[in-house]
Amino acid sequence: MLKNNYHTHMKYCNHAEGMVIDYVKEALRLGFLELGMSDHAPVLESFMSKEEYLNNYGYDTMKLSDVEDYLNQIKECQKKFSNIKLYSGFETEYLEEQKDFYLSLRTKVDYFNLGIHFFKDKNGNVLNCYTDLNYDNLDEYYLNAKKAIETKMYQAFVHPDLFMYGYKDKNGCHTFDEKCEEITRKIALLAIENNIYLEINANGLKYCKDKHDLNTWLYPCPKFWEIMKEYNVKIIVGADAHTIAALSNENVRLVYDFIKKSGINIEEKMVITNDFKC
C-alpha cells in the first residue's frame, strides 16, 4: 500500500479540506515515509476571459495571497516532524504565455506536478479536459504536455490519462480508440525522454459508475496503463488527496489491486533532487 504520496491538496485550493499539519499527522499515523504537499497553484483571472475562468474553475485554485502562508505551513511542519520527509510543491496547469509566472513559483518549492485540466489550443481557445476533448483536438493535449515537460520544471505528470474522462471519437462515442493509443504512446516516450514520473491517480475513481468494474473506469484508464507496461516508464501512485482520509481509502486500495493484477511495475517513491535552475 501507499507509503509515499506526492499528490496532496489542502483547503487553500477551495475544494479540499485541512491544513498541512493535518495531512502530515495522518501520514505519520499511516506509517508514511515521505509526503509531498502539491496544492493547486494559482490560476490568475488575467490568464483568460472571465467566462473561460469560470468555466474552467479557475477559482478552485490557491489565491496568490495564500502562497506564502502555504509555504510557511510546510516549513513549520518540516521543523516540527523529523520522522517524515516532507516536500513542498504545486500542481500546475501550463499556459505557455505564463511560463515566467510558473518559473517564479517553481523557485519557491521542491517540485512541480503537471496536472492538465485545461489548456489553450492553437487558436487561443481554452479547452477543458473533462468536456472538450475529441479525436480532432487530442493532439493538442499532448502538445501542451510536451511544452510543459520540456521546460524541465516538472517532476511528474499526474493523471496523464484524464483526457479519457470525456473523450469522444470520430463518431462522438466515448471509447479508447486509435487516437488515444497514439497519444498514450507519445506520452510514454515523452516521459522517458524527460525522465519524469507518470502517476496512476486514485482520486479519479470517484467519477466512475462502479469503481469495482474496470470497464467503467474513466481515469485511471486501464487501457492507457496496459500500454504503459510496454515502456520503461517510471510510474507512481498518487492519492490526489483532497481529504485527510483520502491518503488511504478504498480508491487507493483498488488502484493497488489493479496494479497487482495487471502486472504494472511501480516506483515506491519519487526521487526529488530539487536541482532545478531557471
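Mentor: What follows starts with a helix pair and moves on to charged side chains.

This is a predicted model, where local features need pLDDT of at least 70, side-chain atom pairs count only at pLDDT 80 or more, and totals for chains, interfaces and linings use all residues. Residues are numbered from 1 along each chain as its sequence is written, and side-chain values use heavy atoms, with hydrogens and water left out.

Take helix α5 (residues 138–149) and helix α6 (residues 178–194). Helices here are DSSP runs of H or I with at least four residues, strands are runs of E with at least two, and both are numbered from the N terminus. The axes of α5 and α6 lie 10 Å apart, at an angle of about 5°. Axes are lines fitted to C-alpha atoms, for helices over the stretch in contact, and angles run from 0 to 180 degrees between N-to-C directions. Angles under 35 degrees count as roughly parallel, over 145 as roughly antiparallel, 65 to 115 as roughly perpendicular and the rest as oblique. So α5 and α6 are roughly parallel to each other.

Now the contacts, meaning heavy atoms within 4.5 Å. From α5 come Leu138, Asp139, Tyr141, Tyr142, Ala145, Lys146 and Ile149. They meet Lys179, Cys180, Glu182, Ile183, Lys186, Ile187, Leu190 and Asn194 in α6.

Next, the charges. Side chains of opposite charge can pair when their charged atoms come close. A salt bridge is a side-chain nitrogen of Lys or Arg within 4 Å of a carboxyl oxygen of Asp or Glu. Glu182 and Lys179 form one, with their closest N and O atoms 3.2 Å apart. Both lie in α6, 3 residues apart, about one turn of the helix. Buried means under 20% relative accessible area, exposed over 50%, partly exposed in between (1.4 Å probe, protein chains only). Lys179 is buried at 8% relative accessibility, whereas Glu182 is partly exposed at 31%. Salt bridges with shared partners join Asp139, Lys179, Glu182 and Lys186 into one network.

By this rule, the count is 13 salt bridges. Another joins the side chains of Lys269 and Glu34 (3.0 Å, N to O). That pair links distant parts of the chain, 235 residues apart: Lys269 is in the segment after α8 (250–262), and Glu34 is in strand β2 (residues 34–40). Glu34 is buried, at 7% relative accessible area. Lys269 is partly exposed, at 41%.
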